[in-house]
Amino acid sequence: MSATTPFVGVRVFSDLRQTVASIDTRDSTVIGLTLPAPLADNTAFPLNEPVALSLDDTAQIALLGDGLALDTVNQILSEGIITDISFVRVAEGVDAEATLSNVVGSAGAKTGVWAQLEAKDHIGLEPGLLIAPGYTSSRPGNAANPVVVAMDAICTRIIDCLAIVDTPGTTREAAAEYAEDFATSLNIVAMYPQAKVWLGADVIRPLSPHVAAAIVRRDKEVGTPFKAAWNRPLVGIRGLSQRVPYRDGDTSTDANYLVQHGIGTVIENKVLWAPFTTAMDPTVKAYRSIKRIRTRRSIEKALLRPLRQYMSEDLGPHLVTLIAQSLEEACEERQALGAIIDYQIIWDRKLNPNTFLRDGGLRLKLTFEETPDLTDLQIYSEPQPEAFDVLASSIADALAALGNPAIRIAS
């Protein structure tokens, strides 16, 4: 009996899908901005709905109206990038607490910052950096900021996403207390203090828009999210709201205190000094590097959609070989780009018992280590007395070269 529908003649069964899935990293990191904009055009920017805001469209930007949202867009533009951002407008409340609540929004109703989860479906943009400047720096009730708590959960859902937030701008100790609220999170980049910027006048504004824009700028420079954005100037700021002392080689400065407590800052009035997230708890500290966690999450996220093409195919040696080859090619390319040091793809029989295979399950283990960014360069200086033997020998050789019998060299 034929295994296919009987037919007399020749048939062609065309399958134009790639046999080896191409696993690509997202081409650009998208900023997800959530803020009230009370003077914005209601049609252009409906409440609690993601809108693709083009930073190259002056007419669309003008529809934001004056206020913090427009200031934030200008801060992002001042870093020299042109991109589309996912903007969620929320209502301004009757007081500051009500407005903060609107920025937080509802996880169930997908309002406020939670609406960023809908951005990919609504506008085709998936945020990779979340910001809500002006609403992330407080600790209501002496506890974790609710906007950042929500952002943390959203970042976990999106996978390759970080929240760029602002700490209280009063003291380094207050900033450290703030960061401690998120010591077990790998998703939060906290910045201290605030920036001096020119927005028609000299004003003080949160650093988070500049840092998010600097990360996007770095991604565009290298074409991947695998390179660190810190130790480079923020081009859009004029200085800081208060001085952050830094001296090369001095571990006691405020700048070193801040980064060792999981807080990013700016040194020498311009240079972004933010290598770490708030992940200072021993359980997660190994991945506190922003570069490492972004590389890890980008690789993990990039695997999901391309490998979906293998769902529904017959589970057997050929299919597993194709999946392993897809993983191998993706890792080989990232190794060539310097994103990872080495990798292995492991088929472990113990992870694939007969009952699991029978249910259509397959488990492959992918191990790799990201290339770390240099954060602690130590040069040990010691005297070298034997160098004088070299000096003495050089002197003797120079005198001997004179060929003067009156000059004698004694050992």
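The largest nonpolar core of this predicted model holds 89 residues, and within that core Phe-87 and Ile-164 touch the most other members. Helix 5, spanning residues 146-158, is the top contributor here, giving seven residues.

Let's take a closer look at Ile-164. Setting aside neighbours within four places in sequence, Ile-164 is in contact with Leu-129, Leu-130 and Ile-131, with Val-189 and Met-191, and with Ser-208, Val-211, Ala-212 and Ile-215. There is also a second, separate core, made of twelve residues, and among them are Ala-21, Leu-307, Tyr-310 and Leu-322.

Now turn to a pair of helices. Two packed helices are described by the angle between their axes and the distance between the axes. For helix 2 (residues 68-77) and helix 7 (residues 208-222), the axes come within 8 Å and cross at roughly 40°. Because of that angle, helix 2 is oblique to helix 7. The crossing of these two helices is right-handed. On the helix 2 side, the contact is made by Thr-72, Gln-75 and Ile-76, and on the helix 7 side by Pro-209, His-210 and Ala-213. Sorted by class, this contact has three nonpolar residues, three polar residues and no charged ones.

One of these residues deserves a visit of its own: Gln-75, in helix 2. Is Gln-75 buried or exposed? Its relative accessibility is 1%, so Gln-75 counts as buried, the cut-off for buried being under 20%. Beyond its neighbours within four places in sequence, Gln-75 is in contact with Pro-209 and His-210, and also with Val-197, Arg-205 and Pro-206.

Definitions and conventions
Residues numbered from 1 in each chain as written. Predicted model: local features only at pLDDT ≥ 70, side-chain atom pairs only at ≥ 80, totals over all residues. Heavy atoms only, no water. Core = buried A, V, L, I, M, F, W, Y, C linked by side-chain atoms within 4.5 Å. Buried < 20%, exposed > 50% of the residue type's maximum accessible area, 1.4 Å probe, protein only. Helix = DSSP H or I, 4+ residues; strand = E, 2+ residues; numbered from the N terminus. Contact = heavy atoms within 4.5 Å. Axes fitted to C-alpha atoms, helices over the stretch in contact; angles between N-to-C directions. Parallel < 35°, antiparallel > 145°, perpendicular 65-115°, else oblique. Left-handed = near helix turned anticlockwise from the far one by under 90°. Nonpolar A, V, L, I, M, F, W, Y, C, P; charged D, E, K, R; others polar.
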